[in-house]
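Me: I'd like to learn how to read a few features in a structure. Could you walk me through them one by one?

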Amino acid sequence: MRRPAGAIHSIAYLLVLVGAVATGVLGWVPAEVLAPRVGFLSPDGGIEGLASSIGPRARVISLLLAALAAFLWLLRLPLRQRLEDAMDDLAGWLGTGIRKARGALAAGDPAAWSLVLIVLAGAALRGAHLAEPVEYDEAWTVIEWISQPLHVGLTQQREANNHVFHTLLARPFYLLGGYRMAAIRIPVFLAGVFLIPMVFLLGRAMGGTAVGLWSAALTVGAGPVLLYSVRARGYAFLALAFATLIVTGYRLLREPSPGAWLLFVVASALGAFSIPAMLYPFLVAVLWMTVSALVRPPQRGRVFFGELIRACAATGVLTLLLYAPFLLASGPLALLRPPFAAPVSTAEFLGHWASFQTWTSLVGFLADPLPAAVASLLGLAVVVGMLSSIRGNSPLPPALGIVVLPILVGIQHVLPPDRVWTFLSPLLVATACLGGAWVVSYLPTPRMPTRRMAALASCLGAVALASMIQWRSDFFHRARYLSGFDRPSEVAACLERHLGPEDGLLVKGVLYWPARFLIAANELPDSWTTAHRQEDFSGRLWALSAHDPLAVAVAEEIRDGRTRPGLMSYVRDVEVCGNATLHQMAPTPAAGDWRPVPGVTPARPAPG
C-alpha cells in the first residue's frame, strides 16, 4: 500500500516539474502576444510593462523550479523516507498529545479544565468584538484583495497591505457572508483562540504547568494579540506561527525528532506566506536555538546543527513555492520592499530610533491595556524570568533571540510600525510568568501553590481580565479610531438620502477606506469617491468628516491636486450620522448657512 508521504513526494515532484515547464514556455512567449492576456494581473494598469517583465521573471523561476525538480529526483528515495518518518512522527506526537488531553479531562485534572475555561474566556472576549466597525487597513484589505478574484490576492501587492495567506483564508468567508466583517474575521479569530493553548504549551515548556496556565490566562487579554484576533489582518497568524516555532524549538532541543522539524518548517513557511515580516520571528527562533544548542548541547549535537540548516533551507524552498505566482506577476521587490517597508535615509533611521516617543509608543502597544504599574511589574518579571532560565539547566530563554531584531532592522534601514512586533507578545507573557513563578518559589510561604490552586488562580485571573477589558477598559474604544465610523449603517443611510448618482464624495485620511467599504457593502455608486476629480464634473460635491475637522481633508485634497479648489470654496453642514458629519460643498453658495472653507480662495464671492 502506498504511504501518504510517498504520494505527497510524487505529487510535489510533478507539480514542481510541471511548474518548471509551464514557466519556461511562458518565458519565451513574445510580449505582444502576452499583453492582451495578462491585463488582470497588472497591479497598476501598465499591461505593456507587465507583459515585458513577466518573460524574464518566468525564465528565472523556471530555472529555479527545474533545479528543485532535479534535486527532488536525485534524492527521491532519501527525501521520501525522511518525509514518511517525519509525518509518522508528527502524527504520533500530535496523537499522543490529544490522547493525554482527553485523558486529563476525563480524569478531572484541574489544570486541563482550567485551560478549557481560559480558552473559552478568550474566545468569548474576542467573539464579542467580531462585528466591530471595519477598520482602515481591514477595509483596504477587503476592497483591494479579499473581495477581488482569488488570483488578484495571490499575485499582487500595494504598500505591504496584502497578507497573502490571510487573503486566501478569508476569501471563502467573504463569498459566504459578503461584506459582513463578523464572517471575514473568522480566520483571525480562530488563530487568536488557538494561540491561547499554544501559549500554554510555551509556558509549560519554559517552566511547567503552572507557568503555562498563567501564560494562557494573560494571553486572553494581551492587547496586541487580542486586537489582531478581531482585525482582518495577518498578524495573529504571525504570532501563532512564532509561538509554534518556540514550542517546537524546546522539543527539538530536548528530544529532536523528524516530526518536530517538519512542524518547524511548515509553521515558518506559512508564517512567511502570511507576512514577509515572518523573517523577524524566524530569525529570533533560529538564533535562540543555535545559541542554546551551543551553550547546552542537545542530544546528537552535531546532527542537530545539520538538521537546523536543512530546516532553514526547506523553509526557504517551501516559501518560494508558495509565493511563486506572486513573484511571477509582481516581482520580488513588490514582496520584499513595498513602499511602506522601503529603506529610509540614515538620518531618518537614527532620528526615529533615537526618539523617546518611538520607544514609549512601542512599549505602550505591547503593554496595552494593562495599567502602567502592572506593565512595569511584568517588565521586571520578564528580566527575572530570563535570568532564572540562564541560571538553570534547561535551554536558554527564547527572549535572548530578540537581540537579532535591532541588528536586522539596522541592516534593512526600515521603520516597522508597532503592529509588526505583535508576535513578541506571547513570548514576553510566558517569560514574565516564568519570572513570577521563580519569585513565588522564594517567598517565605508555608508551601508552594498546589496544582489545583494554580489552576483555580489562572482560571479566575483569565475571567477577571476578560471582564475588565470588556466592561471596565476603553481598549476597544480607543482602537476604533481607525474604524472611521462608529455607526456605519447610519452613515450609509445618510449618504443614500442625500447623494445622487452624478455626485461626488470627498473623504480623506482614516475615513477613506472605511467609506469605500461602506459604499461597496451597501451597493452604492463607487464613482462617488472619484467623480469630483474629473474635469467634466457637474454634480454636487459632498464631504464626510469625523475625528478631524473638514479643513484637514480639504487641505490634503488641495495638496494632492486632484480636485479643483473652486469646488470646495464654501461648505454647509447637512446631517450628523453617528460620529460623522455630512457636508455639502459648492463654489458659490446659495442662501442659507454656508460658510467659507479655511485655506480655500473662493472662485466667486458669496452673494451679498
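Me: Where is the place of R451?

Reply: This is a predicted model, so keep that in mind throughout. R451 sits in helix α24, which covers residues 451–472.

Me: OK, now helix packing. At what angle do α14 and α15 pack?

Reply: Two packed helices are described by the angle between their axes and the distance between the axes. Here α14 (residues 258–274) and α15 (residues 279–295) pack at about 150°, with axes 11 Å apart. That angle makes α14 roughly antiparallel to α15. On the α14 side the contact uses W261, F264 and S268, and on the α15 side F282, V286 and M289. Sorted by class, that's five nonpolar residues, one polar and no charged ones.

Me: Last one: which residues of α26 are buried?

Reply: In α26 (residues 488–498), they are V491, A492, C494 and L495. Viewed down the axis of α26, the buried residues fall within an arc of 160°, so they line one face of the helix. The face turned away from that buried side carries exposed S489, E496 and R497. As for packing partners, the buried residues of α26 pack against several elements, including β1 (504–506) and α27 (512–521).

Terms used: Residues are numbered from 1 along each chain as its sequence is written. This is a predicted model: local features need pLDDT of at least 70, side-chain atom pairs count only at pLDDT 80 or more; totals for chains, interfaces and linings use all residues. Side-chain values use heavy atoms; hydrogens and water are left out. Axes are lines fitted to C-alpha atoms, for helices over the stretch in contact, and angles run from 0 to 180 degrees between N-to-C directions. Helices (H or I, at least four residues) and strands (E, at least two) are DSSP runs, numbered from the N terminus. Angles under 35 degrees count as roughly parallel, over 145 as roughly antiparallel, 65 to 115 as roughly perpendicular and the rest as oblique. Contact means heavy atoms within 4.5 Å. Ala, Val, Leu, Ile, Met, Phe, Trp, Tyr, Cys and Pro count as nonpolar, Asp, Glu, Lys and Arg as charged, and the others, Gly among them, as polar. Buried means under 20% relative accessible area, exposed over 50%, partly exposed in between (1.4 Å probe, protein chains only). The arc is that of the directions from the helix axis to the C-beta atoms.
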